[in-house]
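Student: I would like to go through the salt bridges of this protein. Could we look at the model together?

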Amino acid sequence: APLLALVRRMAASAPHALFSFFNSATSNATLFNATAHDNIRVRDVWDGAPRGKPFTGSHFEAIGLFLEASPGNFETAIREAERETGLEIRCLITDAFLWFSSDMAEKRGVPWVPFWTAASCSLSSHVYTDQIVRAIESTETAKQEKALSFIPGLEMATTADLPPEIFLGNNASPLAITINKMVEHLPRSTAVVLNSFEEIDPIITKDLKSKFPNFLNVGPSILASAAPAAAIADETGCLSWLGSQNRPKSVVYISFGTVITPPENELAALCEGLETCRFPFLWSIKDHAMKSLPNGFVDRTNSFGKMVAWAPQQQILAHESVGVFISHCGWNSISESIASCVPLICRPFFGDQKLNSRMVQDSWGIGVRVEGGVFTKSGTIQCLRELMTTEKGAKMRENVSLLRKKAVAAVDSQGSSSKNVDKLLEIIGAR
Ligand SMILES: O=c1ccn([C@@H]2O[C@H](COP(=O)(O)OP(=O)(O)O[C@H]3O[C@H](CO)[C@@H](O)[C@H](O)[C@H]3O)[C@@H](O)[C@H]2O)c(=O)[nH]1
């Protein structure tokens with residue numbers, strides 16, 4: 001979605017250029033129900049799953065199959081697009097994880113522009129992988145936590161905040177291999193583009209600008225959309241439920257993104273915390289997780305809680321009734337929380353999420369991590385009360401409002417992110 005948001009902005013600014021959006025058919029089907037531009041063509045790429053029967057595996061299995069099918073699936077789709085239009089591809093802007101597209105671009109003699117869908121802090125941690133590995137090797141035991149004091153802007157973080165995928169062991173997962181290949185290929189890019197804004201991490205930005213000739217923050221896409229937000233039907237009744245709440249900033253919104261479900265013991269602890277505090281809550285919870293909730297929880301919390309399998313998150317966060325977001329700290333969720341001035345309670349799981357939560361708490365001051373890193377009844381209660389009822393919570397709310405102001409300024413016509421989009425258009429020859 002953030003990559004498509006960028007393509008939409010570029011397509012609107014460069015109406016004479018043709019943008020082809022290559023993506024799996026399933027993902028395209030969810031993205032392209034809204035307004036398209038005349039100069040964006042939607043192209044389906046095989047996702048690697050066995051054809052002819054519905055795929056029932058996990059997200060990680062899906063990633064593995066997709067990577068096995070790549071780059072052949074992209075090559076086929078690109079050739080097809082070139083044949084149909086009679087035009088040659090002039091630039092490849094790809095998710096940074098698709099490191100093999102740097103070879104595809106090189107073969108065609110066109111620029112490769114990797115797009116990092118997460119924050120600059122996690123990209124920086126990947127760029128510094130070698131130094132991190134050396135720092136860990138210099139500690140007495142590999143398990144010892146080491147401060148990342150040698151990475152500009154990440155001084156408050158430690159190796160415990162990093163995903164294990166950074167370190168390539170003998171049994172490296174497809175995700176670990178992908179990340180490491182990406183790091184290896186990034187220096188061959190013409191520009192590195194991020195769905196973030198310079199002002200959120202000025203020190204990291206300055207450092208990465210010194211490493212990449214064109215390091216371009218162009219987000220946050222949620223505040224920079226070229227198309228007006230489409231009205232939504234509120235099929236699940238979330239917005240009307242929020243509307244029926246009497247007090248502003250009184251509701252706890254809970255979501256762990258598209259991939260994660262917390263383990264059963266943590267779901268139970270979260271439920272106990274919610275039941276004890278009795279703040280109204282709205283929970284986007286996957287169907288299979290509902291089965292793991294404590295007996296009777298739904299009935300006991302009916303009068304102040306609402307649970308749905310999928311929620312219109314952006315509109316929910318933007319609703320005046322929402323006071324706090326319990327999140328896994330995916331970058332899109334954090335951006336959306338900042339865009340709506342909602343402070344966060346963080347329970348990160350994998351990938352960039354721990355480092356993001358470190359920044360939320362210790363750099364940006366817009367939320368807290370749950371005590372000990374996992375949900376317990378007492379830890380959940382403590383965080384909820386702190387954010388909803390104390391001065392400290394009010395300060396986090398103030399901080400997130402200030403950060404939002406900077407984000408809004410960045411996507412303003414003269415802001416840093418807008419200027420970076422112009423620069424990107426020049427680089428790819430669309431201006
Ligand atoms: O009920 C729901 C649940 C989620 N969302 C949306 O789904 C997206 C979730 O994105 P994100 O918060 O980034 O979480 P993940 O889906 O888990 O994202 C993956 O990709 C991100 C980078 O793009 C990383 O930062 C994360 O760690 C990684 O898990 C957001 O736009 C939400 O608004 C909804 O609209 N409704």
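Student: Which side chain does Glu 84 meet in a salt bridge?
Tutor: This is a predicted model, and in it Glu 84 pairs with Arg 43, with an N to O distance of 3.2 Å.

Student: What parts of the chain does that pair tie together?
Tutor: Glu 84 belongs to helix α4 (residues 72-85) and Arg 43 to strand β2 (residues 40-45), so the contact ties together parts that are 41 residues apart in sequence.

Student: Is Arg 43 buried or exposed?
Tutor: Arg 43 has a relative accessible area of 10%, so it counts as buried, the cut-off being under 20%. Glu 84, in contrast, is exposed at 51% relative accessibility, because exposed means over 50%.

Student: Turning to helix α19, where do Lys 395 and Glu 398 lie in it?
Tutor: Both are within residues 391-411, which form helix α19, and they are three residues apart, about one turn of the helix.

Student: How accessible is Lys 395?
Tutor: Lys 395 is partly exposed, at 42% relative accessibility.

Student: Which residues do salt bridges with shared partners join into one network?
Tutor: That network consists of Asp 161, Arg 358, Asp 362 and Arg 369.

Student: What about Asp 422; which residue is its partner?
Tutor: Asp 422 forms a salt bridge with Arg 431, at 3.1 Å from N to O. Asp 422 is partly exposed, with 29% relative accessibility.

Student: And how many salt bridges are there by this rule?
Tutor: The count is 16 salt bridges.

How values were computed: Residues numbered from 1 in each chain as written. Predicted model: local features only at pLDDT ≥ 70, side-chain atom pairs only at ≥ 80, totals over all residues. Heavy atoms only, no water. Salt bridge = Lys/Arg side-chain N within 4 Å of Asp/Glu carboxyl O. Helix = DSSP H or I, 4+ residues; strand = E, 2+ residues; numbered from the N terminus. Buried < 20%, exposed > 50% of the residue type's maximum accessible area, 1.4 Å probe, protein only.
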